[in-house]
Amino acid sequence: MSQKPQETALSNCPGCEEPLEPGDLFCGACGYDLSAVPAAPQDHPTIALNVPAESGTESGAAEVRFDRRAASDEPGGPAGSGGSAGSGAPGESGDFELAAPAPPAAAPASAPDPRTPAGEPLAATPPAGTRVCVACRAGSVDTDGYCENCGHAQPRERDHMEQELGSVAAVSDRGLRHHRNEDSFAVSTTALPDGSPAVVAIVCDGVSSASRPDEASAAAASAANEALLESLPRGTHPQQAMHEAILAAAEAVNALAQEPGRAMEHERHRHQNAPACTLVGSVVAGGLLVVGWVGDSRVYWVPDDRANPPARLTEDDSWAAQMVAAGLMNEAEAYADERAHAITGWLGADAYELEPHTASFKPDRSGLVVVCTDGLWNYAESASEMAAAVPADAHQRPLHGAQVLVGHALDGGGHDNVTVALLPFAVEPQGAGSACGTP
């Protein structure tokens with residue numbers, strides 16, 4: 001059965017996009033049969049509008065839809081008969097009805113936690129004050145440092161420590177090879193009886209071959225710092241105060257060996273001996289630079305004016321230092337020996353007779369005091385190497401300078417724990433001669 005060709009409402013030819021005239025049955029450019037173009041589908045738009053919320057509306061906006069009324073609802077019969085409503089022809093207008101707002105969609109179900117095996121309930125949120133796992137953020141951490149939910153080992157507080165206090169700053173890091181940080185430090189400020197400031201930095205390195213070296217270094221740093229904060233305000237000379245502080249630190253480490261059962265409880269795999277550590281410290285007070293040490297941690301002097309030479313202010317209590325002092329080996333040979341870092345002095349109940357070393361200097365120029373463990377100076381051993389590693393603005397930004405030095409050790413391999421404290425030493429432009437020694 002033949003069909004009557006329908007006039008098209010297209011404005012351009014579907015084949016060649018040539019403009020069309022009303023009533024065209026074929027395209028004048030390409031001959032496209034316009035009667036074969038299918039009629040446009042009926043349009044039933046749904047438009048969401050935001051209108052003021054009515055009472056009882058939770059979302060703050062009612063959803064309104066304008067739906068074209070179905071042709072079967074028109075008076076006069078089925079679609080296409082009678083009036084123009086529902087014809088679907090482009091450009092024609094139709095009647096619309098207001099549809100009721102759609103019911104609110106149900107809230108989406110929460111996605112399962114991918115870290116929890118299927119079928120297992122999520123761990124309950126730990127109570128306030130409980131240490132939460134850094135991995136799953138759900139389980140609490142037990143006394144051994146592991147998450148009770150996912151079993152993940154937690155980073156220790158001492159793996160990386162930083163502190164800045166006025167003009168003194170310190171940074172300590174576990175390094176890249178050790179399983180824990182056995183270094184410790186303490187920095188503080190106080191005032192002398194005349195009101196002038198005193199700045200303190202103590203750095204301790206636990207002896208790894210001993211039991212509980214991390215506890216030994218922490219106890220020694222804390223005890224020495226407290227002793228200095230007590231004696232300096234009383235007017236004790238800084239060098240004498242440093243000597244007394246080292247003795248107080250030794251007593252604190254010795255006391256650890258007297259705690260029954262602790263060594264076996266902490267270090268079942270290790271031969272049990274007394275906890276031990278080394279100590280090095282510096283006090284800047286009253287125009288003096290005082291250093292004290294036992295062991296192989298060091299103090300360096302780096303002038304602000306790098307045209308002046310730097311200096312090392314301590315001598316190691318070590319096998320290598322003894323060989324050099326006795327004239328049996330030069331420094332390069334001694335420190336190349338595998339016994340170089342064997343210490344001959346330390347704090348601990350099984351130490352030889354304790355001989356605290358102290359020295360006092362009165363610099364005639366401004367500079368920076370670098371107090372560090374061998375985890376740093378192994379990568380900048382000579383005074384010139386240390387000065388080259390210290391940033392030029394470290395006297396103005398001591399914390400940043402300490403961070404850079406720790407990074408220097410990590411970049412070099414990070415074979416040991418790394419700890420460094422920086423104390424800027426300021427001198428008035430006119431200078432002041434040397435009293436006890438000039439770095």
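How exposed does Arg174 count as, at 29% relative accessibility? I looked this up first. Arg174 counts as partly exposed. My cut-offs are these: buried is under 20% relative accessible area, exposed is over 50%, and partly exposed is in between, with a 1.4 Å probe and protein chains only.

**Ground rules**

I am working on a predicted model, where local features need pLDDT of at least 70, side-chain atom pairs count only at pLDDT 80 or more, and totals for chains, interfaces and linings use all residues. Residues are numbered from 1 along each chain as its sequence is written, and side-chain values use heavy atoms, with hydrogens and water left out.

**Entry 1: salt bridges**

I searched the whole structure and got 10 salt bridges. A salt bridge here is a side-chain nitrogen of Lys or Arg within 4 Å of a carboxyl oxygen of Asp or Glu.

I began with Arg174. Its side chain meets that of Asp159 in a salt bridge, at 3.6 Å from N to O. Arg174 lies in the loop between strand 5 (168-173) and strand 6 (183-191), and Asp159 in the loop between strand 3 (96-99) and strand 4 (160-165), so the pair ties together parts that are 15 residues apart in sequence. Helices (H or I, at least four residues) and strands (E, at least two) are DSSP runs, numbered from the N terminus. Asp159 counts as buried, at 15% relative accessibility.

Next I took Glu215. It forms a salt bridge with Arg212, and the closest N and O atoms are 3.2 Å apart. Glu215 is buried at 18%. Arg212 is buried too, at 2%.

Then I checked Glu230 and Arg234. Their salt bridge has its closest N and O atoms 3.6 Å apart. Is Glu230 buried or exposed? Glu230 counts as exposed, at 54% relative accessibility. Arg234 is exposed as well, with a relative accessible area of 55%. I also noted a network: salt bridges that share partners join Arg180, Glu182 and Asp214.

**Entry 2: aromatic pairs**

How many aromatic pairs does a search of the whole structure find? I found two. Rings of Phe, Tyr and Trp (its six-membered ring) pair if their centres lie within 6.5 Å; planes under 30 degrees apart are stacked, over 60 edge-to-face, and the rest tilted.

The ring centres are 6.0 Å apart and the planes stand at 75°, so I logged the pair as edge-to-face. Trp301 sits in strand 10 (residues 298-303) and Phe425 in strand 15 (residues 418-425). The pair links distant parts of the chain, 124 residues apart. Both Trp301 and Phe425 are buried.

The other pair is Tyr335 and Trp377. Their ring centres are 6.3 Å apart and their planes at 90°, so this pair is edge-to-face. Tyr335 is in helix 5 (residues 331-336), Trp377 is in helix 6 (residues 374-377), and 42 residues separate them. Tyr335 counts as buried at 15%. Trp377 is buried at 1%.

I then looked at the face of Trp377. Arg298 lies over it, at 3.4 Å from the ring centre. The test is that NZ of Lys or CZ of Arg is within 6 Å of the ring centre and within 35 degrees of the ring normal.

I went back to Phe425, with its relative accessible area of 3%. Which residues does Phe425 touch, not counting residues up to four places away in sequence? I listed Val284, Gly287, Leu288, Leu289, Trp301, Pro363, Arg365, Ser366 and Gly367. Contact means heavy atoms within 4.5 Å. Phe425 and Arg365 are 60 residues apart in sequence and 8.4 Å apart in space, C-alpha to C-alpha.

Thr419 also lies in strand 15. Thr419 is buried, at 0%. Its side chain makes a polar contact with the side chain of Ser172, at 2.7 Å. A polar contact is a pair of N or O atoms within 3.5 Å; within protein, one must be able to donate a hydrogen and the other to accept it, and residues adjacent in sequence count only if both atoms are side-chain atoms. Leaving aside neighbours within four places in sequence, the contacts of Thr419 include Val171, Asp183, Phe185 and Cys372.

**Entry 3: helix 2**

Last, I checked helix 2 (residues 238-257). It has 20 residues and reaches 30 Å from its first C-alpha to its last, close to the 28 Å expected. The expected span is 1.5 Å times one less than the number of residues. Among its buried residues are Pro238, Met242, Ile246 and Leu256. Helix 1 (213-231) and strand 8 (276-285) are included in what covers the buried residues of helix 2.
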